[in-house]
Amino acid sequence: MKKQIVLLTALFALAIALSFSVLFPARAAVVLEVGSRGANVTKVQQRLIQFGYLKGVADGRYGEATRDAVILFQKRNGLTVDGRVGPATAAALGVSLSSQASAAVSATASVSSDQYLLARLVYAEARGESYKGKVAVAAVVLNRVSSSSFPNTISGVIYQQGAFESVSNGAINLSPDSDSLRAAKEAMNGWDPTGGCLYFYNASTVSSGSWILSRTVKTVIGNHCFAM
Amino acid sequence: MTIKRMRMLAAAVAVLTALAVALTIYARAQAEKIDALQNAISASYERAFYETASLMNGIEINLEKAQVAGSDAHRRALLNEIDRDAMSAQNNLAALPASLSVISEALKFVNQTGDIAAVLCGRLNEGGSLTPEDVELLARLHGACVNVNDLIDGVIRDIEQGLDPLSETADGAPVAQVERVKLREVEIDYPILLYDGPFSDGRGETALKALGGPEITPEQALAAARAFVGEDRVIEARLAGEGSVPAPSYEINLSTGDGLISLALSKQGGQVIYMMVEGAARRAAFSQAALIDMAASFLKNRGYPPVAVSYWAAFDNYLTVNFAAVQDGVVLYPDLIKVQMSMESGLPVGLEAVNYLSNHVERSLPEPALSEEAARERLNGALSVERGRLCVVPRGSGEALAWEFAASADDVRYLVYIDAATGEELNIYRVVEDENGQLVI
């Protein structure tokens with residue numbers, strides 16, 4: 001009986017704990033590795049430079065030099081040596097990694113804040129798509145900017161109410177990969193594999209009654225239909 | 001034993017009670033947080049709505065005043081204000097939780113009204129005047145604006161009577177207050193000749209002027225794509241599909257040492273509309289200057305007309321070079337071709353030719369009414385001129401012949417454009433140069 005009660009209590013507590021973690025998940029920890037970019041990387045690099053592990057300037061790009069510096073830092077400080085900056089390494093460096101990429105836009109000269117924002121949308125909406133599919137999604141945003149029926153800035157279009165699912169579900173806050181950054185740049189340079197389309201949707205997930213199906217599809221790239 | 005058991009039972013009950021209390025407190029706190037958030041969101045929606053309403057009122061009144069204004073200076077001021085208010089109104093409209101298709105109609109009305117005001121204002125700035133048709137257009141816009149504002153007022157009355165315009169329908173979608181605004185009814189026909197600004201409806205479709213020649217077969221398209229990229233680079237070629245924008249085209253994938261190159265070739269004439277690469281260049285083995293030369297000779301070898309470099313930018317070890325076609329020494333800026341080079345292999349991997357294909361025709365270039373000397377005298381005295389040359393620049397819906405001067409002041413470099421017919425200063429660009437390239441802003 002005693003065992004049963006103890007067990008019952010433990011189960012009850014576990015159930016509560018579980019439902020808490022399901023209902024209110026902790027934000028996924030940010031991990032920086034080769035290929036990462038942005039303000040977080042800049043902060044880490046500034047510390048590494050300050051502590052003498054890295055030479056040069058903090059450019060916000062996690063390359064091999066940064067990885068080597070991180071490995072050296074991890075070795076000397078008794079951390080798990082994996083060349084990546086997770087919560088433990090970040091804490092040892094005295095850096096707090098922000099999961100909101102928008103909090104501080106990359107400090108690099110070559111990535112403008114518009115490009116970074118566009119890349120975040122591309123990554124959130126099309127990370128499983130081919131490179132062409134990524135450029136196409138970025139091009140749709142830019143076509144909207146120059147259309148009279150949409151806001152006139154990149155941020156206006158991306159954050160327009162109900163425009164993109166990734167904005168409502170928070171996926172837009174993930175850090176973009178280098179393909180998405182390049183795709184955003186490509187579209188800003190004028191490449192447009194959709195030829196001026198204003199809408200895209202995933203034909204396999206769109207509900208059959210959706211108004212978007214009334215739009216004329218001009219081209220299909222991967223899972224996305226692009227429409228005028 | 002029974003006492004022991006009762007004690008344990010009591011302990012268990014105590015633990016469970018404590019947990020239940022903790023859970024209740026936690027749920028309360030969460031509910032309060034959710035309430036606060038909901039109020040904050042409602043407030044920001046309502047703010048956007050009220051601001052839209054007051055800006056639209058301002059636009060309505062100014063549209064009316066602009067029709068009867070006695071002086072061009074006053075008219076300019078009113079049109080300016082309409083343009084500015086329209087800009088703010090579109091920002092606020094985009095923040096409203098109405099469905100995208102409904103907001104689109106409202107945005108279009110506001111954007112085009114602002115755009116028309118800017119176009120008319122620009123004409124007055126250049127010393128022109130408003131025609132009776134222009135005034136008629138303002139009257140029509142005013143009429144449409146009155147209708148929109150009546151409907152907005154209706155929604156505001158609802159809010160004031162305590163009806164929640166942000167409540168949700170059964171399927172969870174917000175009841176869009178603007179949905180009740182029958183925006184489709186206020187759509188008006190714009191005389192196309194009067195209004196061909198950046199937001200005109202005519203801009204949606206691009207006709208490719210430079211496409212000529214017979215229709216090609218898929219096999220010919222594959223062969224043309226291989227030849228365009230360079231036969232020796234192609235490992236495998238595949239027809240990936242067909243597209244219809246901006247012109248009917250074949251889409252072709254080529255696997256190469258530089259990665260997967262995708263091209264779209266027009267069915268008519270087999271012209272490359274765009275080309276892009278899915279790959280990664282790991283390092284920069286070539287200098288930017290060498291790559292620019294290689295990009296130019298690539299275009300020459302593929303039969304494009306002579307080109308001049310306009311700007312270039314490196315990103316991720318790819319260099320994108322922007323060229324403009326040249327005719328008789330005159331740079332045709334509307335006819336842009338961009339070439340992307342891998343800085344690792346030194347080979348072309350990308351091309352973007354929509355502007356070129358849309359605009360490139362043989363121009364009949366007039367003799368400039370203004371000599372280079374006379375145009376140079378129009379420049380700001382603080383600028384020291386390095387060179388001047390003739391070019392064609394896009395102007396409104398058409399083109400203008402202009403003198404382009406590369407000049408500098410205090411080590412800052414500029415490109416200044418003077419209309420070769422009227423002597424008007426059309427534009428100033430600041431040249432920005434860093435290790436990634438040279439751009440103009």
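In this predicted model, the side chains of D258(B) and S345(B) are joined by a polar contact of 2.6 Å. Elsewhere, three strands of chain A form an open antiparallel sheet, and nine aromatic pairs are found over all chains.

- D258(B) is placed in the loop between β2 (249-256) and β3 (259-266) of chain B.
- The relative accessibility of D258(B) is 13%, so this residue counts as buried.
- Apart from neighbours within four places in sequence, the residues in contact with D258(B) are R233(B), V277(B), G279(B), S342(B), S345(B), L347(B) and V349(B).
- One of these contacts, G279(B), is 21 residues from D258(B) along the chain, and the two C-alpha atoms are separated by 6.3 Å.

**The sheet of chain A**

- The strand order in the open sheet is β1-β3-β2 (chain A), with antiparallel pairing.
- Its edge strands are β1 (199-202) and β2 (217-221) of chain A, each of which pairs on one side only.
- On average, neighbouring strands of this sheet are turned by 25° against each other, direction ignored.
- Four bridges connect β1(A) with strand β3 (residues 224-227) of chain A, in the antiparallel sense.
- Y199(A) has A227(A) as its bridge partner in β3(A).
- Helix α6 (residues 131-145) of chain A lies across β1, β2 and β3 of chain A and runs at about 30° to β3(A).

**Aromatic pairs**

- The structure holds nine aromatic pairs over all chains.
- One of them is formed by Y304(B) and Y356(B): this pair is edge-to-face, with 5.6 Å from centre to centre and 65° between the planes.
- This pair links distant parts of the chain, 52 residues apart: Y304(B) is in the loop between α7 (288-301) and β5 (307-315) of chain B, and Y356(B) is in helix α8 (residues 354-359) of chain B.
- Y304(B) and Y356(B) are both buried.
- In Y333(B) and Y417(B), the ring centres are 6.1 Å apart and the planes stand at 85°, so this pair is edge-to-face as well.
- Distant parts of the chain are linked here too, with Y333(B) in strand β7 (residues 330-342) of chain B and Y417(B) in strand β11 (residues 412-419) of chain B, 84 residues apart.
- Y333(B) counts as buried because its relative accessibility is 14%.
- Y417(B), at 5% relative accessibility, also counts as buried.
- In chain A, ring pairs link F164(A), F200(A) and F226(A) into a cluster.

**Charges over rings**

- R127(A) has its charged end over the ring of Y123(A), 5.4 Å from the ring's centre.
- In chain B, K267(B) lies over the face of Y250(B), 5.2 Å from the ring centre.

**T320(B)**

- T320(B) belongs to strand β6 (residues 318-327) of chain B.
- With a relative accessibility of 8%, T320(B) counts as buried.
- A polar contact of 3.2 Å runs between the side chains of T320(B) and Q340(B).
- Leaving aside neighbours within four places in sequence, T320(B) is in contact with N189(A) and W191(A) of chain A, and with Y311(B), W312(B), A313(B), K338(B), V339(B) and Q340(B) of chain B.

**N125(B)**

- N125(B) is part of helix α3 (residues 100-125) of chain B.
- The side chain of N125(B) is in polar contact with that of R76(B), at 3.1 Å.
- From C-alpha to C-alpha, N125(B) and A73(B) are 8.9 Å apart in space, while 52 residues apart in sequence.

**S149(A)**

- S149(A) is located in the loop between α6 and α7 (154-158) of chain A.
- S149(A) counts as buried because its relative accessibility is 15%.
- Not counting residues up to four places away in sequence, S149(A) touches S104(B), L107(B) and K108(B).

Definitions and conventions
Residues numbered from 1 in each chain as written. Chains lettered and ligands numbered in written order. Predicted model: local features only at pLDDT ≥ 70, side-chain atom pairs only at ≥ 80, totals over all residues. Heavy atoms only, no water. Pairing = 2+ DSSP bridges. Helix = DSSP H or I, 4+ residues; strand = E, 2+ residues; numbered from the N terminus. Axes fitted to C-alpha atoms, helices over the stretch in contact; angles between N-to-C directions. Contact = heavy atoms within 4.5 Å. Phe/Tyr/Trp six-rings, centres within 6.5 Å; stacked < 30°, edge-to-face > 60°. Buried < 20%, exposed > 50% of the residue type's maximum accessible area, 1.4 Å probe, protein only. Lys NZ or Arg CZ within 6 Å of the ring centre and 35° of its normal. Polar contact = N/O pair within 3.5 Å; in protein donor to acceptor, adjacent residues only side chain to side chain.
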